[in-house]
Amino acid sequence: MEEKNRYRNSESMIVHGNPSFQAAKEAGLLDLAVHNTGRGTLALKDGREFINMCSCSYLGLDAEPEVLQGAIDVLQRERTMDLAISRLRIRLAILDELEARLSALWRSKVIVTTTASYASAGLLPLIASGHLLPEGRKPVLVFDKSAHFSMNLIKPICADETEVLTSPHNDLEFLEDVCRKHARVAYVADGFYSMGGAAVVKELLALQDRYGLFLYFDDSHALSVYGEAGEGFVRSLAGGELSPRTIIIASLGKGFGTAGGAVMLGPQQHVDLVGRFAGPLGWSQSLSIPAIGAGMASARIHGTPELAKRQQALRANIRFFDERVPTRTSGEDFPIKVIDVGPEEVAVERSRRLLERGFYSSAVFFPIVPKGRAGLRIMLRSNLSQADVQRLCDAVREISAPTA
């Protein structure tokens, strides 16, 4: 009988995950329709306001007037929302200008995409087929167990090209053992994980030096937050010229503050091949024109001391929170904090009570985390006042206290 559900099991995911989603919806934590007040809060239809503690705009650039004006200026100049044709055929010259500016900032050949997920959907099958490896031959493709859903989703497609394995999280011994047994190995991981923690990048680069390991990172949560030019956690550790054995992708819709995704390649590495055969990168339309204009403005800010100022403000808020609320990543220099709770229903109830106190947090449960290990996810930002973070910490302690 043909083997099924080796890489994906939608039925199991829905059966075990949907009750918690339904409970969150009934608690008023999903499908919230809001408007932006422009003063750091979101407002519900009934007038209640809250601070969104799950925004990935870690540096507050999404609301920066220069970024908003960049979108308006380009829209007024080009007088269209989109060219509505594959970027491979025709694209606005300003998209080339944006890619050139980001390439200079991040010391690699940058291709701008509609989303980071599109980038993974297009690039991972080409890696599995061997076409993005320097020697052009198929590798054994190893996914870290905690790799983001947007990459795990592509596993069945990759498995149609080559052997696909799943490694325990950050398990270097497992990965080195695979490298010893196979001539070519490619490893897929997040740079900084959406549930906290980071890849062991220095150790992985050492394996690359020793075995020629190909590395593919989604560094979406670290772009703009790390590096002198906001190049991200992985790129800042990789140093020098980006190796032809490394590809980094990231979202422009988080710390960068605009929309879309970015692919970092070694200089001119496989640019034509990616444009023609990386699935949605070739056939889908390019980034919308307002997003390109906003991207140009954000890129300008990334080249000024303003970036470091915002990075330092973010780190001050991280330290302030860590000193008051313990989490398993306390003391680490990352803005995502997960407060472990355990039972799914308790996480939903605590998230509801936190919203009552004016702060929205994500109740995270299966399939986002393993069953029975639910929690509250909180993202810190540079544009939160210390008074707001203090009120948040007080509220978290209050809802976490044992009830009589």
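Axes here are lines fitted to C-alpha atoms, for helices over the stretch in contact, and angles run from 0 to 180 degrees between N-to-C directions. Helices are DSSP runs of H or I with at least four residues, strands are E runs of at least two, and both are numbered from the N terminus.

This is a predicted model, where local features need pLDDT of at least 70, side-chain atom pairs count only at pLDDT 80 or more, and totals for chains, interfaces and linings use all residues. Residues are numbered from 1 along each chain as its sequence is written, and side-chain values use heavy atoms, without hydrogens and water.

Let's start with two helices. The axes of α2 (residues 65-78) and α12 (residues 289-302) come within 7 Å and cross at roughly 135°. That makes α2 oblique to α12 (under 35 degrees is roughly parallel, over 145 roughly antiparallel, 65 to 115 roughly perpendicular, the rest oblique).

Now for the pockets. A pocket is an open set of points on a 1 Å grid over the protein atoms alone, where a 1.4 Å probe fits, with protein on both sides within 12 Å along at least five of seven lines; lining residues have an atom within 4 Å of a point. A volume is the space filled by probe spheres set on the points.

| Pocket | Volume | Lining |
|---|---|---|
| Largest | about 1,600 Å³ | 47 residues |
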